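Here's a quick tour for anyone meeting this structure for the first time.

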Amino acid sequence: MIANQRYIIIFQGLGITILIAICAILIGTVLGCIFALMKVSGNKILKTIADLYTTLLRGIPLATQLMIFYFVIFAPLGMNRLLVAIISYGINSGAYCTEIFRSGIQGIDAGQTEAGRSLGLSKWQTLFKIVLPQAVKVVLPTYTSEFIVLIKETSVASFIAVRDLTKAGDMIRNATYNAWIPLLTCAVIYLILTVGLTKLFGKLEKRLAKSDRR
């Protein structure tokens, strides 16, 4: 693997894995905010739409969703596989982010909302100026966990021939007829990513907790 510089394929796959995860979590965050606000809006139609979205996306396996998005929806349009993977993961992540943000918003004590309204703020002003800033700190641990899970879930992007980290290891395995080194290398890289991010986000949570005590 080293003599023939096949390790370069591993690094390329790692770059694609990180790219998919970052872009997908950004899309998921935007969608999650929108649908979470729809769920807490009190409007029955908006809530039904948001419920349908989260039920479908959380109830269907990600690999199945990915293949539906590519082979059924986007392949006839000739869309790039990597872009399809990013959109698919983003839409899927949005369903989980929706529930994360919704639980965070509804987890804030109702007295906070009442206090805001008593100060003359509108419902939406109270939500954005009082409730959401507190909800962000509440949902941070779950939100960061979603990002870590998303990195591991990118491994199924190879189902539509995206050359992510897992696909790179599989390509080297096929070329060398040796499964040990390339696949274990991928496993170690995933482990380093997840453990490293867990510790990084853990430090961030501790800093936020310290700022709350002040």
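Is Arg173 buried, partly exposed or exposed? Arg173 counts as partly exposed, at 28% relative accessibility. Keep in mind that this is a predicted model.

## A pair within helix H7

Arg173 has a partner: its side chain meets that of Asp170 in a salt bridge, 2.6 Å from N to O. Both residues sit in helix H7 (residues 165-176), three residues apart, which is about one turn of the helix. Asp170 is partly exposed too, with a relative accessible area of 24%.

## Salt bridges elsewhere

Searching the whole structure turns up five salt bridges. One of them joins Lys39 and Asp51, at 3.1 Å from N to O. Lys39 belongs to helix H1 (residues 7-40) and Asp51 to helix H2 (residues 44-59), so this pair ties together parts that are twelve residues apart in sequence. Lys39 is buried, at 9% relative accessible area, while Asp51 is partly exposed at 25%.

Over in helix H4 (residues 81-106), Arg102 and Glu99 lie three residues apart, about one turn of the helix. Their side chains form a salt bridge of 2.9 Å, N to O. Glu99 counts as buried at 13% relative accessibility, and Arg102 as partly exposed at 21%. Lys39, Lys47, Asp51, Glu99 and Arg102 are all linked in a network of salt bridges.

## The cysteines

There are zero disulfides here. For Cys23, the nearest cysteine sulfur is that of Cys97, 14 Å away. Cys33 is in no disulfide either, and its nearest cysteine sulfur, that of Cys97, is 8.0 Å away. Cys33 is partly exposed, with a relative accessible area of 36%.

Terms used. Residues are numbered from 1 along each chain as its sequence is written. This is a predicted model: local features need pLDDT of at least 70, side-chain atom pairs count only at pLDDT 80 or more; totals for chains, interfaces and linings use all residues. Side-chain values use heavy atoms; hydrogens and water are left out. A disulfide is a pair of cysteine sulfur atoms within 2.5 Å. Buried means under 20% relative accessible area, exposed over 50%, partly exposed in between (1.4 Å probe, protein chains only). A salt bridge is a side-chain nitrogen of Lys or Arg within 4 Å of a carboxyl oxygen of Asp or Glu. Helices (H or I, at least four residues) and strands (E, at least two) are DSSP runs, numbered from the N terminus.
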